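User: I am new to protein structures and would like a close look at the salt bridges in this one. Could you walk me through them and through the parts they connect?

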Amino acid sequence: MRCSVIDIGTNSIRHLICDVENNEIRQIKKDVKITRLGESVSKSGKLSNDAIARSVNTIKEYLDDAKNYEAQSIYAFATSAVRDAKNSSYFIDELLNIGLDVDIVDGETESLYGYLGASYGIKKNDVLVLDVGGGSTEFSYFKDDLIKRSFDIGAVRLTEKFIKSDPISVDEYNNIRLYVTDMLTPFIGDNEDIPRDIVGIGGTITTLAAMSQDLRIYSRELIHGYVLKKGDIKRLLDLMMSLSLNERKLLNGLQPERADIIVAGTIIVYTVLELLNCTSITVSEWDNLEGAVVEKFIRDNDGKDK
């Protein structure tokens with residue numbers, strides 16, 4: 001069966017077209033476009049008209065792709081920004097008008113998708129899956145049952161909350177680190193069994209892997225399975241903090257559209273590694289898109305966990 005899955009995130013909207021056969025996933029096409037749907041949601045509580053228009057246009061293109069590739073089933077889900085926005089119903093109605101029904105998933109479901117996708121892709125089960133997104137960060141790992149937690153700390157959200165200087169100031173850096181630490185410490189302290197083998201997904205983490213390898217052209221083959229060392233993350237963080245926004249846009253491996261939020265996202269990743277006393281993170285190109293495929297088109301069909 002050919003499937004189309006659309007992930008409507010705070011910073012980007014992503015699309016996967018794949019074939020599912022004998023519980024295996026074969027990717028046909030995977031796209032990402034930064035639409036910044038969640039811009040200012042943390043301040044205004046609403047999705048802006050411009051952000052909605054950008055996002056609807058992108059989703060129209062994805063639906064055309066799904067039709068051209070003859071996808072037999074389409075599943076779309078929305079995450080943090082749409083969960084939080086007071087006017088999310090208007091956005092959902094706009095999508096219904098173009099023929100798309102959207103599932104607004106909670107943080108735990110988002111964590112589940114991330115875990116399923118990353119563990120399938122990396123082929124490991126005893127791992128902590130860390131998903132740093134635009135509006136939220138998810139932790140998921142298996143211990144008797146799947147532990148899933150979502151926190152309202154994301155690259156877009158923390159950039160809007162804390163960063164006013166260009167380049168970012170030391171005080172802003174410290175404030176973000178302290179905020180992330182305060183948010184995560186109770187969870188980490190109460191869950192001493194959290195695996196220290198971390199698999200990372202999401203745009204911040206894959207971007208850091210691309211930057212660490214100085215990639216001029218993004219390569220999924222070089223990103224998937226790449227081991228990103230804590231020291232490399234700190235080196236990139238120090239570099240980016242020394243540069244203005246326009247200077248960051250010129251760095252290899254960094255999409256210019258992500259340059260304004262990458263510092264906050266990197267601080268989240270680095271702080272998590274410090275709190276868990278970990279020295280590296282394995283990067284997965286398989287993420288919550290593939291995880292949604294597993295949940296909706298594999299697990300639901302055979303009635304048992306994979």
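Analyst: Happy to! A salt bridge here is a side-chain nitrogen of Lys or Arg within 4 Å of a carboxyl oxygen of Asp or Glu, and by this rule the count comes to 21 salt bridges. Side chains of opposite charge can pair when their charged atoms come close.

A word on the source: this is a predicted model, in which local features need pLDDT of at least 70 and side-chain atom pairs count only at pLDDT 80 or more, while totals for chains, interfaces and linings use all residues. Residues are numbered from 1 along each chain as its sequence is written, and side-chain values use heavy atoms, with hydrogens and water left out.

Let us begin with aspartate 287 and arginine 14, which form a salt bridge whose closest N and O atoms are 2.8 Å apart. Aspartate 287 sits in the loop between β11 (280–283) and α13 (288–302), while arginine 14 belongs to strand β2 (residues 12–21), so the pair links distant parts of the chain, 273 residues apart. The helices (H or I, at least four residues) and strands (E, at least two) named here are DSSP runs, numbered from the N terminus. Both aspartate 287 and arginine 14 are buried; buried means under 20% relative accessible area, exposed over 50%, and partly exposed in between, with a 1.4 Å probe and protein chains only.

Next comes the salt bridge between arginine 36 and aspartate 260, with 2.9 Å between the closest N and O atoms. Arginine 36 lies in the loop between β3 (24–34) and α1 (41–44), and aspartate 260 in the loop between α11 (245–248) and α12 (262–276), so this pair ties together parts that are 224 residues apart in sequence. Arginine 36 is buried, at 14% relative accessible area, whereas aspartate 260 counts as partly exposed at 27%.

Now for a pair within one helix. Glutamate 295 and arginine 299 meet in a salt bridge at 2.6 Å, N to O. They are four residues apart in helix α13, so about one helical turn separates them. Glutamate 295 and arginine 299 are both buried.

Let us step back to the domains. An automatic or database domain assignment gives the bounds, dividing the protein chain into domain 1 (2–105) and domain 2 (108–283). Their C-alpha centres lie 22 Å apart. The contact, meaning heavy atoms within 4.5 Å, takes 21 residues from domain 1 and 19 residues from domain 2.

The size of an interface is often given as the accessible area lost when the parts come together. Buried area is that loss (1.4 Å probe), summed over both parts, and domain 1 and domain 2 bury about 1500 Å² between them, 48% of it on carbon and sulfur atoms. Ile34, Arg36 and Ser42 supply 28% of the area that domain 1 buries against domain 2, more than any other three residues. Across this interface the rule finds three salt bridges. On the side of domain 1 that touches domain 2, the elements giving two or more residues are β3, α1, β4 (73–78) and α3 (80–84).

Notes:
Buried area = accessible area lost by both parts, 1.4 Å probe.
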